[in-house]
Amino acid sequence: MDRHEHARLDALQRDPYPHYARAREAEGLTFVPELDAWLVARDADVREVLRRPEAFSSANVLRPDVLPGPTVLAEMGRGFGGRPVVVSSDGAQHQRLRAPIVHGLSPARVAAIVPYAVERATALIDGFAESGSADLMAQFALELPGQVIGRLVGLDPADVPLAVHGGYRAEQLLFRPMDERGQLAAARDVVAMQHLLDTYVRERHARPQDDLCTSLIGALAAGGESPGAELTLDERHEMVAHLQNFLLAGHLTTSALIGSTVLHLLHHRAQWELLCEKPELIPSAVEEAARYDSPIQGFRRITTRPVMLSGTELPIGAVVFVAYGSANRDPSRHERPDVFDITRPPARHLAYGYGVHGCPGSSLAREQLRVALELLTARLPGLRLAEDRPVVMRPTMIHRSPEELPVLW
């Protein structure tokens, strides 16, 4: 990918919505060279793909946008993982990997972690409330979800920053064009995170605790419930891959959701003031924010057989980009879809996916955003965007959020 292709990809990723609108109005599917995929943009088509995982495989979901060179691959070989995870698997394997995650994010477990989320969110706000200004991405949105998901997994709070940083670097390695030096630096950070997670896997296998790491070992490792038996190297690789994927999904997505939500509320000033005046609207604001600017804009799928979709014939091996963000702006599903309106009646959006790959952590994400909005509106009702520092969206189709969110009050 040359610099001109990088520039076109960056432009699309920073604001994909005009591309979506054109694709929804076009006949059939639109092939987008920047994504190297057919864009599935209409709500009905997105739902059809998600209903048919046997025809549209998830095997290529985590395909890097830029393939690493041999030096970077050698560095990654020093780490752990590299095994199928819940987001990139199909059929029986997907069910096996997903089941312990669903159990680990049960309504009871989510409810039990909410007081900790309140405690940590309060402490973060305490840290900047007297200063009159902050970067809400760096000082709040990028902090809270990592602390919460770290607690669920069973990480020592002192280890959370390394795990969060490694997760962010893994995302960069997968989805951001970088030169080899940048890739190598990112790979080293990812490997450091993987070794940390492997330490937890071995410790929890030897001394089980009431946390998600222990639950995953018990569910997925053949000797997981027999502490006397050593985990095999392959089991350790699978556990690390699974934990890494869970951490990435658990903190990066929610960080993006919190940041984008506050951005749009402050950009639409009347909506922020209405929310401060009527906190009972927070649940509907949570849903509207996820619909209006979904943190996961979409995922790739690959056809396992010839398929006809929206009048377009797709051969076996065709790559499609299933755009949740576009479906959530489809006027056939949502009235005035380009309007941000927290009083909008509830509607079934696709921000958390749909079908067998629907996000099992959606309730936890919603709860953290609810906590964030309750505390921010109550404690900092005068919050406003810093006019001298324009907000720029990160160039990505996954974990879409502001790069920085400078605010004043």
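This is a predicted model: local features need pLDDT of at least 70, side-chain atom pairs count only at pLDDT 80 or more; totals for chains, interfaces and linings use all residues.
Biologist: Why are α14 and α16 called oblique to each other?

Modeller: The axes of α14 (residues 282-292) and α16 cross at roughly 120° and come within 10 Å. Under 35 degrees counts as roughly parallel, over 145 as roughly antiparallel, 65 to 115 as roughly perpendicular and the rest as oblique. The pair is therefore oblique.

Biologist: Which residues of α14 and α16 meet?

Modeller: I282, A285, V286 and E287 in α14 meet R366, L369, R370, L373, E374 and T377 in α16. They divide into five nonpolar, one polar and four charged.

Biologist: How do you know that α10 is roughly perpendicular to α11?

Modeller: α10 (residues 180-206) and α11 (residues 212-220) pack at about 75°, with axes 9 Å apart. By the cut-offs already given, that makes α10 roughly perpendicular to α11. Y200, V201, R204 and H205 of α10 make the contact with C213, T214 and I217 of α11.

Biologist: What makes F31 and W38 an edge-to-face pair?

Modeller: Their ring centres are 5.4 Å apart and their planes are at 75°. Rings pair if their centres lie within 6.5 Å, and planes under 30 degrees apart are stacked, over 60 edge-to-face and the rest tilted. F31 and W38 are edge-to-face, one of five aromatic pairs.

Biologist: Why is the pair of F128 and W409 called tilted?

Modeller: The centres are 5.9 Å apart and the planes are at 55°, so the pair is tilted. It links distant parts of the chain: F128 in α6 (residues 107-128) and W409 in the segment after β10 are 281 residues apart.

Biologist: What sets H399 apart in its backbone, and where does H399 lie?

Modeller: Phi of H399 is near 60°, a positive value in a residue other than glycine. Most residues other than glycine have a negative phi. H399 sits in the loop between β9 (384-385) and β10 (406-408), and its relative accessible area of 5% makes H399 buried.

Key: Residues are numbered from 1 along each chain as its sequence is written. Side-chain values use heavy atoms; hydrogens and water are left out. Helices (H or I, at least four residues) and strands (E, at least two) are DSSP runs, numbered from the N terminus. Buried means under 20% relative accessible area, exposed over 50%, partly exposed in between (1.4 Å probe, protein chains only). Axes are lines fitted to C-alpha atoms, for helices over the stretch in contact, and angles run from 0 to 180 degrees between N-to-C directions. Contact means heavy atoms within 4.5 Å. Ala, Val, Leu, Ile, Met, Phe, Trp, Tyr, Cys and Pro count as nonpolar, Asp, Glu, Lys and Arg as charged, and the others, Gly among them, as polar. Rings of Phe, Tyr and Trp (its six-membered ring) pair if their centres lie within 6.5 Å; planes under 30 degrees apart count as stacked, over 60 as edge-to-face and the rest as tilted.
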